[in-house]
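Please open the structure in a viewer and keep the selection panel at hand.

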Amino acid sequence: MTKVIIDTDIGVDDAFAIAYAAGYLDIIGITTVFGNVPVEQAVKNAKLFCEKINLGTKIYRGCSRPLAIEPAPPGTKVHGEDGLGGVFSNSHDSHAEDAISFIIDSIKSNPGEITLILIGPLTNISVALNQAPEIAELVKQVVIMGGAYGTHGHSGNSTPFAEFNFWKDPHAADQVLSSALPVTIVPLDVTHQVLITGKEIRDTGNELFTSIADFYLQYSLKEEGFEGMALHDSLAVSYLLNPEWFDTVESSLRVVTEGICIGQSLLKPKYRATRVDPFANLKPQQICLDVDVNEVKKHFLNALANNF
């Protein structure tokens, strides 16, 4: 099985992604970061959820704030105050070993074997790169749920321009995307195509996932008139399992770090020579811009119904 580290700000869709990955991948560690919830709550959530799905993976505590901007509020309107829909009492503590050290040590100890699945703000990975830039050449693959590139009209979900994970720490996102890491981006362009309804979740017969999704579904119904959710983070897992279901393009990438477009993800445009090229000498990365919706949904819902 592929060895993976999942880096997460665990909310409802992150929990779905962790469970999905657990059925098919060797999760050697879960590292936490601020985002949907503060990092302390992310540690508690990861411990609780792994207990619920009988996943004996160790949890690590990462960064509590972005690199260079003031922290934005957690995403509690979507995920609930605790990030998991408020359906469980959580007696776990927030103590955990350091995520940055774990990421660096794991990659160095297993050169060419570790895949990173990044489904929260990219601060932990940015800090790891700053401390040990050599890990960029030792990682097998990096799959990131983040960004929005405008395909099919799918732009930002935190601002008109920016997706949540990149918006929460744009400097970290810009560094990671423009680094030597072998990156594949799974942006809102594809995640907003793969929608599951509350009925489809309930029809799996899985009470755990039905219960944690309820708060998210009620928010979606109130705000968008749709009792359902985009799979978002699970699409990063889906890409890793079945990349043939995704259409990709190759381009160097940047993320806007200031102004009204802060957090916006950018593909290198096809242009004539310019005086300044912010994409100069950057490694091309892979970006998913289309997806086989039916195959992804079928595989995911089958895993939810049969793996737990």
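**Salt bridge within a helix**

Select glutamate 295 and lysine 298: their side chains meet in a salt bridge, with an N to O distance of 3.7 Å. A salt bridge here is a side-chain nitrogen of Lys or Arg within 4 Å of a carboxyl oxygen of Asp or Glu. Both residues belong to helix α12 (residues 293–306), and because they are three residues apart, about one helical turn separates them. Helices (H or I, at least four residues) and strands (E, at least two) are DSSP runs, numbered from the N terminus. Glutamate 295 is partly exposed at 27% relative accessibility, whereas lysine 298 is exposed, with a relative accessible area of 55%. In these terms, buried means under 20% relative accessible area, exposed over 50%, and partly exposed in between, for a 1.4 Å probe and protein chains only.

The model is predicted: local features need pLDDT of at least 70 and side-chain atom pairs count only at pLDDT 80 or more, while totals for chains, interfaces and linings use all residues. Residues are numbered from 1 along each chain as its sequence is written, and side-chain values use heavy atoms, with hydrogens and water left out.

**Salt bridges across the sequence**

How many salt bridges does the structure hold? There are 10. For one of them, select arginine 254 and aspartate 174, where the closest N and O atoms are 2.7 Å apart. Arginine 254 lies in strand β11 (residues 253–255) and aspartate 174 in helix α7 (residues 170–177), so the pair ties together parts that are 80 residues apart in sequence. Arginine 254 is partly exposed at 24% relative accessibility; aspartate 174, at 10%, is buried.

Next, select glutamate 113 and lysine 3, another salt bridge, with 3.2 Å between the closest N and O atoms. Glutamate 113 lies in the loop between α4 (99–109) and β5, and lysine 3 in strand β1, so this pair links parts that are 110 residues apart in sequence. Both residues are partly exposed, glutamate 113 with a relative accessible area of 37% and lysine 3 at 27%.

**Strand β1 and its partners**

Five of its six residues are buried, so the strand is largely enclosed by the rest of the structure. Strand β1 pairs with strand β2 (residues 26–32) in the parallel sense over six bridges, pairing being assigned if DSSP finds at least two bridges between two strands. Between β1 and β2 the chain passes through helix α1 (residues 12–22), and this β-α-β crossover is right-handed: with the strands pointing away from the viewer, the path from the first strand over the helix to the second runs clockwise.

Strand β1 also pairs in the parallel sense with strand β5 (residues 114–118), over five bridges. Lysine 3 stands opposite aspartate 26 in β2 and opposite isoleucine 114 in β5.

Within β5, select leucine 118. Leucine 118 is buried, at 1% relative accessibility. Not counting residues up to four places away in sequence, leucine 118 touches Asp7, Ile125, Val142, Val143, Ile144 and Met145, contact meaning heavy atoms within 4.5 Å.

Finally, select α4. Which residues of α4 are buried? They are Ala99, Ile100, Phe102, Ile103, Ile104, Ser106 and Ile107. The buried residues of α4 pack against β1, β2, β3 (59–61), β4 (97–98), β5 and α5 (123–131).
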